[in-house]
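Please look at the structure shown here, and then read the report that follows with the structure beside you. The report takes up the contact between the chains before turning to the parts of each chain.

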Amino acid sequence: MSRLPSLLREFRSPGTLAAAAFLGLLIVAAVLAPWVAPYDPLAQSSHRLLSPGGAHLLGTDQFGRDVFSRLVTGARVDLLVSFGAAGLAAFLGVSIGLVGGTSRGLVRMLTMRGIEVILAFPPIVFALLVVTLFGPGALTLVVTMGILFAPSFARIVYGEVLTISNLEYVQASRVIGSSRRRILGRVILPGVLPPVLVQLSLTVATAMLLSSGLSYLGLGVVPPTPSWGGMIAEGQALMMQSPLLLLFSSGVVVATVLCFSVLADALERALDPRRGRGRRPATPAKPLSVS
Amino acid sequence: MRTLSSGGARSALRLAAATTAAALVLTACSGGSGSEDNGGGTLRFGLDSDVPNLVTPQNQGSASMMLNSVLHRGLVAYDADGEVVPALAERWEEEGNQVFTFHLREGLTFHDGSDLTSDDVKATFEHLRDPEAVAKLFPVAEGIESIETPDELTAVVQLAEPDAAFLPYLADVSGAILPSESIGADDPTYVGAGPFSFVSYEQGSSFVVERFDEYYEPDEPAYDTIEFQILPDQSARDNALLSGSVDMISFVGWSSYDQVENAANLVLDETEGPFMYLQFNTTPESPFSDPRVRQAVAYAVDRQAVVDSALGGEGAPLWGMPMPESSDFYNDDQANYYEQDLDKARQLLAEAGYPDGFTARMLSSSQYDFHQNTALSVQGDLEKIGIELEMNLPDWPTRLQLGAEGAYDIAVYGTVGVTNDPAWLDQMLTPAGSQNAPFGYDDPTVNELLDRGRAAADEDERKAIYDELGEHVLEQAPIIGLAWRSQAYGYVDTIEGFSNIPGFLTFDSGYTLASAAPK
């Protein structure tokens, strides 16, 4: 891709590099969790609330479970849920946006107004409703957040499609008689991908926050399976005795979300069309705020 | 029997609660204190829960019991040791635990100045035995056959059958005598005959009462005012006591015990009151319909681990019958019946036809972390004998609903007896207990022993009956005791006369606020 050099340039800044390195390490650790974790994350023992150091790198929780092993295994769950949700949201959103942007009349109205209906739901309330109906669990989380975050993708793509459709190369393609499917998939889609990519990295961060929040409320990943949000909830109860439990679990969430945001910023700068051709920039919509 | 919905911290939406409570503490701090200087002064009490619509005869949790116990009095009450003592009735006679003649004190009045007569007693008891009223004392009040009032100061209560539990139940704060005209009213009038009368209530914030000069004990209460500050968040409540913005709190958090104990001017008044237990679905579809499987669980679970992981190391393991040591019916052998023996557990499972274990549904709630953590601790232990538990941890109301519907194989629950008298066990071992009881468990032997236990008049005979019941229940194991929960009040050491009534009666401790006084 022609924008690769600018991407590399962005990554030369120490902040971006550090964020990328942290996330890379996290992802590797999560993938290799069963080998990285020194203990079974579910194994209870009588060594409760040990301080960090010694046999347990980050100490143990009130069940005598190894905190480091739980963080690493929790990363696996949390990353899977966040990427799954962001991926699903991107797929749904891009599809809806493409259809909405290239249709006329009723179809456009149905798709884009439908998106606005989803936007009208406060995310936490919507998640509460779905979890109450279908029961908590990782799959419920992915589907719920996939639906919740799809509108921001759809709107970006919709806007981009409207702009791109009037550009000469698209008209040229139309003139030479390309099928509608070909124009959509081969001509317009590549043009809308850069902002989608930026939105994707932002959505991963937001999904991670929301899934941690739901797990914290007992509506996400079901214990004893470790999840960061669940670990924060457990740590909070023991804030006075073992403040480190809370610090580790919330620290890792903050760090991960921050890194994804830094990465998204870098990506946005690298892919900013203003640095390349003179096309109107597409500002990624902020994902729904989680509050 | 009451469920402890006001206990512990709410894990769901805890953050919001913490913020609100923190704001409350801040207001309390800046509001200026300057109390308990002259005379009786003000007692500032950090209460664990709000009671938006106080209905005295109903079971509304421990915070309502605290408010009821300062506003109201019944014919009898509990003293600091948990003994039944005269209250509005100065004395009574009973015939075979079936006919009770209560003699009221002379010159009793309610807070509004109206006279308290035997007519009010009759009206109150009529209300308690009305199934529509959902009174907490209904289990004994339904046995009332008639109430006669030969004169203004005498009430004769006739029971259909002898009931040894009648007086202990009546001493509960929900047995308070109410002005006949306020009974069944939609909005609480707060008018009673207790040591303090109502001043003001601000929802979610405060409940203020003042000394009632016509209280039947001439020297009580010592305090002019009690200001209940509603502090539902546990750490905010603990901090309010530690920082001196309140003088006394209920439900001291386990994690704050050391801090309160070590503080130079604070007292930690603790008892083992409520307890955690396992209940089984005993219907034929459940693997736990076989008593041997239930016994296997009883031998597999490490009770000390439950105390350490779920109750913050406070409280005590419960290896047998849930009977408080302070009860006259405590039996040491039955209190320590089981021990952890994984080989025996596996053997029992094999005998029951599950040599390789099985998978079952565990129900608990994520709303209270000690409920969830108890379930997790049990899950870890049962895994060792091959029983895999699938966790279902919904919010508290859903937990109660699923429990009542029997949508579980094994469930964690916490409760407290109404009295230290074992008559309350019908609320845990028979279908009358609803969600407190193991689903589908209706054992004729248990029912018969419970009936006999209440009907018997002689203490020794009753003790023998309840020992027999204990033996049967431990063998059948429809419920399995896990751990005693520690329940503590914390207060400044200048308060004397307040007492945490031991055992199940800990939530009746508000009775002793009448005799509490600043040094």
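In this predicted model, the contact between the two chains takes 16 residues from chain B and 14 residues from chain A. On the side of chain B that touches chain A, two helices, α9 (303-310) and α12 (369-383) of chain B, each supply at least two residues, and the largest share, six residues, comes from α12(B). When the residues of this side of chain B are sorted by kind, they divide into five nonpolar, nine polar and two charged.

Chain B itself is divided into three domains, listed here with their residue bounds.

| Domain of chain B | Residues |
|---|---|
| domain 1 | 11-54 + 191-272 + 487-518 |
| domain 2 | 73-182 |
| domain 3 | 273-485 |

The C-alpha centres of domain 2 of chain B and domain 3 of chain B lie 33 Å apart, and the two domains are in contact through twelve residues of domain 2 of chain B and 13 residues of domain 3 of chain B. On the side of domain 2 of chain B that touches domain 3 of chain B, the residues divide into six nonpolar, three polar and three charged.

Of the 291 residues of chain A, 46% count as buried. Among the contacts in chain A that join residues at least 6 apart in sequence, 72% link residues at least 24 apart.

An unreviewed UniProt entry places the feature "domain: ABC transmembrane type-1" at residues 75-264 of chain A. In the model, that span of chain A is 85% helix and 0% strand, and its end C-alpha atoms lie 20 Å apart.

How far can the coordinates of chain A be trusted, and what is the mean pLDDT of this chain? The mean pLDDT of chain A is 84, and 91% of its residues reach 70 or more. Over residues 276-281 of chain A, however, the pLDDT is below 50, and this stretch has six contacts in the model beyond near neighbours in sequence. Where pLDDT is low, the predicted coordinates should not be read in detail.

Methods:
Residues numbered from 1 in each chain as written. Chains lettered and ligands numbered in written order. Predicted model: local features only at pLDDT ≥ 70, side-chain atom pairs only at ≥ 80, totals over all residues. Contact = placed C-beta atoms within 7 Å. Helix = DSSP H or I, 4+ residues; strand = E, 2+ residues; numbered from the N terminus. Nonpolar A, V, L, I, M, F, W, Y, C, P; charged D, E, K, R; others polar. UniProt positions renumbered as here; feature names shortened; annotations may be inferred. Domains from an automatic or database assignment. Buried ≥ 20, exposed ≤ 12 C-beta atoms within 10 Å, placed from the backbone. pLDDT = per-residue confidence, 0-100.
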